[in-house]
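Hello,

I am passing a structure on to you, and I hope you enjoy looking through it. Please open it first, and then read my notes below.

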Amino acid sequence: MKQLIFFGTLLITSLAQAAEVISSIESHSNTPHIRTLAASCAACHGTNGNSINNSSSLAGINGEYFVKQMLAFKDGSRPTTVMHRHAKGINIDEINLLADYFSQQKPMAAQAPKSQILSPRHE
């Protein structure tokens, strides 16, 4: 009898297959496509997932938690103002890759930009 292992949203049958899945995800989570998707998250969640406002920081997030939340946004079981629209626009493979990408980002303390005084004379 084969042992079934649950990995994120994937059902796999062996530890060797699990290692293969992890290796595949890690090698694809830093592609230009995934970095572009992650950059679209930056408007609310900050560069590389380090939020400086009231949005959740994604840097260093647990990958399984990220996947679970994104699927909840996607199917509407987690109420939100805009995340359901973003989640519906990406597929499960992209969600898994984003989970891996953000879990590998280093969390940093929020630092708001310094205030600037603009001169009306443009000198």
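A crossing of two helices is called right-handed if the near helix is turned clockwise from the far one by less than a right angle. Keep that in mind as you look at this predicted model, where helix 3 makes a right-handed crossing with helix 5.

Helix 3 covers residues 63-75 and helix 5 covers residues 92-103; their axes come within 8 Å and cross at roughly 140°. Helix 3 is therefore oblique to helix 5.

Next, find helix 2, residues 32-45, which packs against helix 5 at an angle of about 75°, with the axes 10 Å apart. These two helices are therefore roughly perpendicular to each other. His-33, Ile-34, Arg-35, Leu-37, Ala-38 and Cys-41 of helix 2 meet Glu-94, Leu-97, Leu-98, Tyr-101 and Phe-102 of helix 5. Here the classes are 8 nonpolar, 1 polar and 2 charged.

Now for helix 5 itself: its 12 residues reach 16 Å from the first C-alpha to the last, close to the 16 Å expected. How many of its 12 residues are buried? The number is 9, so helix 5 is largely enclosed by the rest of the structure. Among the buried ones are Asn-96, Ala-99 and Asp-100.

Happy exploring!

Key:
Residues numbered from 1 in each chain as written. Predicted model: local features only at pLDDT ≥ 70, side-chain atom pairs only at ≥ 80, totals over all residues. Heavy atoms only, no water. Axes fitted to C-alpha atoms, helices over the stretch in contact; angles between N-to-C directions. Helix = DSSP H or I, 4+ residues; strand = E, 2+ residues; numbered from the N terminus. Parallel < 35°, antiparallel > 145°, perpendicular 65-115°, else oblique. Contact = heavy atoms within 4.5 Å. Nonpolar A, V, L, I, M, F, W, Y, C, P; charged D, E, K, R; others polar. Expected span 1.5 Å × (residues − 1). Buried < 20%, exposed > 50% of the residue type's maximum accessible area, 1.4 Å probe, protein only.
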